[in-house]
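Subject: Structure handover

Hi,

Here is the structure we talked about.

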Amino acid sequence: MIRPVTIPARLFRENRDRLRRLLPPRSLVVLNANDVMPTNADGTLGFVQNADLFYLTGILQEQTILVLAPDASDPTHREVLFLRRPDEHTLIWEGPKLTREEARKISGIEQIRWLDEFPPVFRQLMCEMELVYLNSNEHYRAMPEVETRDARFIRDCQQRYPLHQYRRLAPLMHQLRTVKSPVEVDLIHEACRLTGHAFRKVLRRIRPGINEAEVEAEFAREFIRRRSGFAYPPIIASGPNTCILHYTRNDRTCRAGELLLLDVAANYASYNADMTRTVPVSGRFTRRQRRVYEAVLRVFRQMTRALVPGKTLNDLRKEAETLIAEECRSLGLLPRRGRKTDPDSPPVRRYFMHGVAHPIGLDVHDVLQPGQKIAAGWVLTCEPAIYIREEALGVRLENTLLVTDQGPVDLMADIPIEPDEIEQLMSR
């Protein structure tokens, strides 16, 4: 659950202004809130707002619609936010919904109307405008199977107004959201700070016999009491589970002599951090564990320096694979150079099979266009790893960093990562 935190309304006003500058004349933009997703019977999941709508408004309430029409003849139609009309029934069963004044203060939008006023306003705007920008999830890794509120709206619009020119809003939103403003960087940095605070607390609780679920509960306690939450389902993986990339069962007992991989971070004010640490359950690394850990740490140090403008994520992956392959040779996992290999399937992918970086912000795997070049203002993760399944030994290290023209800034620089510091904190 995302807990509301006060964010300056100027952030959302500036975001809308940046979008307006990308629109051709006679354009209309419509964004919908996400649905409240069902479970079984009459159950529902916790509400998660559409990230693009939040980016432009700061509104976390369901059934919200944003309309932008910079060239509308009626000035009151150029920027309108539509909300659920509060009523006594909703107040009793769900609690208070946003008033006009509250929504105006959060979003910086003057024209706040109720949802039942949307059809006539939309009809008038469709009669005036020529280009209609509608939203959809175009994350290149997404494979949506559930029809969204936006998808239903698109179908209805195209049936009612078939002669308009429809355009994709997603590419414009991706262009805007990749570069983070100073306010956004501060919010991500706060999520990183909360993550580090929780990590230090949890380190002192880890010992042989503790269950992965207990470790998860400690993180949850630290996040929730500070008005944050999990940025993503936490990975609390001990022993052989350290080699499962997206392990989330978190129900195994941690045993002496094993490693515990913690891929867990905070969400603060809808912005996410991403951190991974790998620690010894017994409080001290074995010789083999330390060798693998230090190998990954060396790659981590080199790859954080490589997060510079002008590269692509694929460039970074190739660099990381080259470095990790050399470390794997030193660890006796790969043969020395000389043997020809398939460049599309290098042997190192047996031990490191994922990317080394991804954008992060309102989404953990934040939006971008495939092949897009990194620019100053991006916030990226750096997450090299070595997984040795035959030894039930996996080590991954990950921080969240800001890309600048002067070099990367590690937003988690104060979170312990050196093996000696990890051991020292666990011995207290």
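This is a predicted model: local features need pLDDT of at least 70, side-chain atom pairs count only at pLDDT 80 or more; totals for chains, interfaces and linings use all residues.

Residues are numbered from 1 along each chain as its sequence is written, and side-chain values use heavy atoms, with hydrogens and water left out.

Helix H6

Helices (H or I, at least four residues) and strands (E, at least two) are DSSP runs, numbered from the N terminus. H6 covers residues 149-160, which makes 12 residues. At 1.5 Å a residue, H6 should span 16 Å. The expected span is 1.5 Å times one less than the number of residues. The end C-alpha atoms of H6 are 17 Å apart, which agrees.

Asp-150, Phe-153 and Cys-157 are the buried residues of H6. They sit on the same side of H6, because their arc around the axis is only 60 degrees. That arc is taken from the directions from the helix axis to the C-beta atoms. Buried means under 20% relative accessible area, with exposed over 50% and partly exposed in between (1.4 Å probe, protein chains only). The cover over these residues includes strand E1 (27-32), helix H5 (118-128), strand E5 (131-134) and strand E6 (165-168).

Ser-27

Ser-27 lies in strand E1. Ser-27 counts as buried, because its relative accessibility is 1%. A polar atom of its side chain lies 2.7 Å from the backbone oxygen of Pro-24. Leaving aside neighbours within four places in sequence, the contacts of Ser-27 (heavy atoms within 4.5 Å) include Leu-68, Asp-71, Met-129 and Tyr-133.

Two open sheets

Two strands pair if DSSP finds at least two bridges between them. E13 and E16 (residues 399-402) are joined by 4 bridges. Cys-382 stands opposite Asn-399 in E16.

The other open sheet also has 3 strands, in the order E7-E10-E11, and its pairing is antiparallel. Its edge strands, E7 (229-230) and E11 (271-272), each pair on one side only. E10 (residues 266-268) pairs with E11 over 2 bridges. Tyr-268 has Tyr-271 in E11 as its bridge partner.

Best wishes

Terms used: A polar contact is a pair of N or O atoms within 3.5 Å; within protein, one must be able to donate a hydrogen and the other to accept it, and residues adjacent in sequence count only if both atoms are side-chain atoms.
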